Protein chains: 2
Amino acid sequence: MSGDPTIYDIAARAGVGIATVSRVLNAHPRVKVETRDAVLKACADLGFRPNRAARRLAAGGPNRPRVAALAPLFATAFAYGVTRPLAAGLAAAGIDLVLYDIPDRETKQRTLDRLLGERACEGLVLCSMGIGPERAAQFAAARIPVVAVDHPCDGLPAATIDNRAAMRLAVEVLRERGARRIAHLAGGDALAYRERRAGFVAAAGAAAPVVPAETPTREGGAAACGILLDAHPDIDAIACASDAIAVGALEECRRRGLAAPDRIQIMGFDDQPFMDVIGLSTVRQPVAGFGAWAAQAVAALCADPGAAVTPVLLPVSVVERQTTRTPAAPSRRRGR
Amino acid sequence: MSGDPTIYDIAARAGVGIATVSRVLNAHPRVKVETRDAVLKACADLGFRPNRAARRLAAGGPNRPRVAALAPLFATAFAYGVTRPLAAGLAAAGIDLVLYDIPDRETKQRTLDRLLGERACEGLVLCSMGIGPERAAQFAAARIPVVAVDHPCDGLPAATIDNRAAMRLAVEVLRERGARRIAHLAGGDALAYRERRAGFVAAAGAAAPVVPAETPTREGGAAACGILLDAHPDIDAIACASDAIAVGALEECRRRGLAAPDRIQIMGFDDQPFMDVIGLSTVRQPVAGFGAWAAQAVAALCADPGAAVTPVLLPVSVVERQTTRTPAAPSRRRGR
DNA sequence: TTGAAAGCGTTACCAC
DNA sequence: GTGGTAACGCTTTCAA
């Protein structure tokens, strides 16, 4: 009576053999109704749940690999943009995808502990997050390949963009469109946001105003924008750490009667769905490319742990729409 | 040499015992380096992949339930809106979520076959799709609880909305706002779309124009809208089967110089993120509610197959924004 | 219709 | 360090 009940417990309680219990569980045709009911009752009484591992082992099904993906599903559409091609790519490779929403650091560590402790997966995809070297060593020791996406990680193959360069590019475009006093609405602690911020400082100078949004959401963006405009009413352009922040900023500006792009120019980051109809100029990043790369990379590594997976630096571009001034016709500007 | 290689094969090839192979695989400290390398080489040579079921059975880890969710991840944000609370709710219940993207009928059947054949899950969530009675019987026989979301299904607990009534409500609102010649841009074969169409016909009459979009996307919506306007230039309102279709229609109308809401009113369906900033009037459905309900329902059923799970009919409401005429101030209208 | 017993591929304990 | 050898919990013949 220590752990979960097994078919032996059920068999004993129902006064039958374990083979009979198994038959009942598998809806085998030739079982007397009374015995069946007795077994079912015993199952219910004991709260019996068949052990999946034992089942699969005995039944001899295929040993399908499983990949765990950790991502901050959050409010943002980013993780979803990555998830879809990931799911599709893994399915094509006959790999199951177990999705874990990681809202905070603690959940992340707990999830990683579990994955490791229970040997719950044959591969790991990290979306927008990294792991320390000890962790990486643990996974290496457990022979579980790990790849990262949207976040570089020492020693792990990763698909990333150059967030600094991307933000520098955004600032340059804003300048070329006539902006003189550019500010930055930063995101949170995530590395990508910190890099974007660093890129902004590098391009706009240390004196340029930077206001962090409490959360990388519309609400956070609007609030941060309010603080920014109160402190620096003369700002004429805002480079934002994400589209959500940018939309919030845009709303706040409208609320204050500051027209975009004439009075103030606004640049987002991501190019989420519908940003084109909103008319937000933004830095486009290859969201689907992240997912596709991760699927291919982790599948290759699962198939052959020695496979050579090359990290990639995906290209970004700025898409000029209605929140930045027009140089000529709306165009797409190449990135780095 | 019939199936996959086992540790016995590795042991034989490396000239060691299976216990040693196991030690190597688990990064046990006390293994001579040479033996370790020999084992590793044998593993590589034979392409050995440890059997997860056997591992877990022997290691005696927790028998964590697994729930499979089938959803058309598609272009729409709908499935994602459902997925997040589902992932969160299941995680809280200690249940793993395996996500399957179901782009078409064939994939669905194949996936269900696999799930059943391999007994790959302890619970199933169907998003925006149903299963036939035979299927349902198969899952019942396998004692795998199934719940549906956004799609009613005979004999299965489901969370749904009344799509007919919702679309009738949309038509009514449009009428109250002065629309006289209302048309419908329909979605695909999915039941929800068919119901919405039926609701439209019921409210607007069989003579009202209905044009199906090739795909329930912006492109599909724009194309269908073009066809509609060519055939019926006098239309003054369009009730759309989804937000994506509505946005496409809105774009097409703008392209033709038809101003919304003055010349033509447009109503969406879903209330996806950012529809408020686009200003689309739409029928809001409780996307997150679907996911939360499914998590709770399937978790309850996993814990106790006899649990009473009540189907729910979630409320909808129409949100009036800038693509419908204003009655007074923009307001939220209660649904049914 | 049912029971006994032989695996399924690992892990882990116990000797050597 | 390393090799036997019991488990682990279930499915599946094979007889009865």
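**Figure 1. Cavities in the predicted model.** A search of the whole structure finds six cavities of 30 Å³ or more. The structure is a predicted model. The largest cavity holds about 240 Å³ of space. The second largest cavity has a volume of about 190 Å³.

**Figure 2. Close-up of the largest cavity, which 16 residues line.** Nearest its centre lie A:A142, A:R143, B:R49, B:P50 and B:R55. Two elements each give two or more residues to this lining: α13 (287-303) of chain A and α4 (52-59) of chain B. By class, the lining has nine nonpolar residues, six charged and one polar.

**Figure 3. Close-up of the second largest cavity, which 20 residues line.** Closest to its centre are A:R56, A:R66, B:R52, B:A53 and B:R66. The elements that give two or more residues to this lining are α4 of chain A and α4 of chain B. α4 of chain A gives the most, with four residues. The lining divides into ten charged, six nonpolar and four polar residues.

**Figure 4. The interface between chain A and chain B.** Here 48 residues of chain A are in contact with 48 residues of chain B. The two chains bury about 5,000 Å² between them. Of that area, 49% is on carbon and sulfur atoms. In chain A, the residues that lose the most area to chain B are A:R49, A:R52 and A:F274. Together they make up 14% of what that side buries.

**Figure 5. Polar links across the interface.** There are 25 residue pairs in polar contact between chain A and chain B, counting pairs with both residues at pLDDT 80 or more. On the side of chain A that touches chain B, the elements giving two or more residues are α4 (52-59), α5 (78-92), β2 (96-101), α11 (243-255) and α12 (275-278) of chain A. That side has 26 nonpolar, 17 charged and five polar residues. Salt bridges between the two chains number twelve. Over all chains, the structure holds 44 salt bridges.

**Figure 6. A salt bridge between A:R56 and B:E118.** The closest N and O atoms of this pair are 3.9 Å apart. The pair crosses between chains. A:R56 sits in helix α4 of chain A. B:E118 sits in the loop between α6 (105-117) and β3 (123-127) of chain B.

Figure 7. Most peptide bonds are trans. A:P261 lies in the loop between α11 and β9 (265-270) of chain A. B:P261 is placed in the loop between α11 (243-255) and β9 (265-270) of chain B.

**Figure 8. Positive phi at A:S128 and B:D270.** Most residues other than glycine have a negative phi. A:S128 has a positive phi, near 60°. A:S128 is found in the loop between β3 (123-127) and α7 (133-141) of chain A. B:D270 is not a glycine, yet its phi is positive, about 140°. B:D270 is found in strand β9 of chain B.

Conventions:
Residues numbered from 1 in each chain as written. Chains lettered and ligands numbered in written order. Predicted model: local features only at pLDDT ≥ 70, side-chain atom pairs only at ≥ 80, totals over all residues. Heavy atoms only, no water. Contact = heavy atoms within 4.5 Å. Buried area = accessible area lost by both parts, 1.4 Å probe. Salt bridge = Lys/Arg side-chain N within 4 Å of Asp/Glu carboxyl O. Polar contact = N/O pair within 3.5 Å; in protein donor to acceptor, adjacent residues only side chain to side chain. Nonpolar A, V, L, I, M, F, W, Y, C, P; charged D, E, K, R; others polar. 1 Å grid on protein atoms, 1.4 Å probe; cavity = no way out; pocket = protein on both sides within 12 Å on 5 of 7 lines; lining within 4 Å. Points joined across faces, edges and corners; volume = space filled by probe spheres on them.
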